[in-house]
Amino acid sequence: MNTATKLSGFALGLVAVFGAAYGIGNLADPVAPAAETRHDDSDSDHGAGDTGHGDESGASAHLPGGLLVSERGYTFQPAAAPAGQFAFRITGPDGAPVTRFEVAHDKRMHLIVARRDLSGFRHVHPEMTGDGTWRVASPLHGPGVWRAFADFTPEGAEPLTLGLDVTVPGELAARPLPTPVTSTTVDGYTVTLTGTPEPGRTSRLTLSVSRDGQPVTDLQPYLGAYGHLVALRQGDLAYLHVHPEGMPGDGRTPAGPAVTFAAEVPSAGAYRLYLDFRHGDAVHTAEFTVLAGDRTAPVPTAPASTTAPTPDAGHGTPGHGHS
């Protein structure tokens with residue numbers, strides 16, 4: 001859609017906690033998840049003060065990552081931050097901020113953000129201060145409702161991905177999900193996808209990188225691999241974090257052009273794939289839309305409008321849109 005839609009009337013448990021930067025709430029997903037997954041109260045329209053420990057029922061064990069704000073006693077909590085920054089804490093089962101994390105894929109914390117219509121994506125790595133607060137320059141570039149994912153491993157515990165919604169007010173032109181293709185370009189590189197995800201099964205997806213018609217055979221390691229792939233399911237933004245077969249320096253994995261991933265999608269539907277790869281001392285992100293299951297069905301498009309708070313919407317201090 002190419003007409004700007006005014007973001008207004010967003011009243012789904014919003015709490016303004018980033019100072020003048022933006023508002024955050026634990027929000028109801030605008031589209032219900034697939035039948036075999038269900039949301040716990042922790043990800044409904046209760047306010048940010050509701051931690052909603054859905055794992056107590058055992059249901060979270062069957063959910064993909066990123067659908068819950070709290071799981072196994074760990075909670076993703078926003079923290080106050082000046083304009084232009086994003087800050088948060090992970091609190092543990094005792095309610096105190098967690099300050100000890102394992103290194104996973106070269107980092108102790110991965111913060112991934114995606115706009116609800118999947119038209120924006122960023123993967124950044126915050127720095128933690130001594131009190132357990134993680135801070136980073138805001139990755140929310142543009143107005144809309146964004147899903148933030150904290151991907152981490154507490155020391156001595158299993159990996160977790162927790163998610164919450166963040167709202168940046170302003171003028172939004174809602175965008176439909178791009179049509180599925182097998183090749184895309186980014187920063188002068190062409191990335192080709194082979195393989196098809198199958199619901200409930202592990203599928204091999206291979207992404208091959210070329211430039212100026214020549215295969216790239218000197219990809220640089222990034223986060224301990226030659227590629228890093230995130231998959232998000234349209235609608236509820238279920239988070240699938242997969243990594244490639246092999247690793248740099250293992251004596252058998254070439255540095256391109258092909259990077260192969262083992263990925264498992266939990267249900268039929270449309271997914272957005274984001275491949276990060278490093279070459280020329282820079283990280284590039286290639287994006288694809290893929291369909292799992294019935295590939296004759298049309299790709300669902302973005303909603304006609306997306307709502308979020310505006311300065312006159314009565315939701316506390318208005319925030320900034322970051323361009």
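R100 is exposed in this predicted model, with a relative accessible area of 54%. Because the cut-off for the exposed class is over 50%, R100 falls within that class. R100 is found in the loop that runs between strands β6 (85–91) and β7 (110–115). Leaving aside neighbours within four places in sequence, the contacts of R100 are with P154 and E155. The C-alpha atoms of R100 and P154 are separated by 6.3 Å, although the two residues are 54 residues apart along the chain. With E155, the side chain of R100 makes a polar contact, side chain to side chain, at 2.7 Å.

Aromatic pairs were examined next. The structure holds 7 of them. One is formed by F86 and F88 in an edge-to-face arrangement, with 6.0 Å from centre to centre and 65° between the planes. Both F86 and F88 are buried. Together with F76, the residues F86 and F88 form one aromatic cluster.

Y189 and F277 also form an edge-to-face pair, with a centre-to-centre distance of 5.5 Å and an angle of 80° between the planes. Y189 lies in strand β15 (residues 189–194) and F277 in strand β21 (residues 269–279), so this pair ties together parts of the chain that are 88 residues apart in sequence. Y189 has a relative accessible area of 2% and is therefore buried, the limit being under 20%. F277 is likewise buried, at 1%.

F277 also belongs to the largest nonpolar core, which has 27 residues. The residues with the most contacts inside this core are V191, L273, L275 and F277. At least two residues of the core are supplied by each of β15, β16 (202–211), β18 (228–233), β19 (239–242), β20 (258–264), β21 and β22 (282–292). In soluble globular proteins, nonpolar side chains tend to be buried together.

Definitions and conventions: Residues numbered from 1 in each chain as written. Predicted model: local features only at pLDDT ≥ 70, side-chain atom pairs only at ≥ 80, totals over all residues. Heavy atoms only, no water. Phe/Tyr/Trp six-rings, centres within 6.5 Å; stacked < 30°, edge-to-face > 60°. Buried < 20%, exposed > 50% of the residue type's maximum accessible area, 1.4 Å probe, protein only. Helix = DSSP H or I, 4+ residues; strand = E, 2+ residues; numbered from the N terminus. Core = buried A, V, L, I, M, F, W, Y, C linked by side-chain atoms within 4.5 Å. Contact = heavy atoms within 4.5 Å. Polar contact = N/O pair within 3.5 Å; in protein donor to acceptor, adjacent residues only side chain to side chain.
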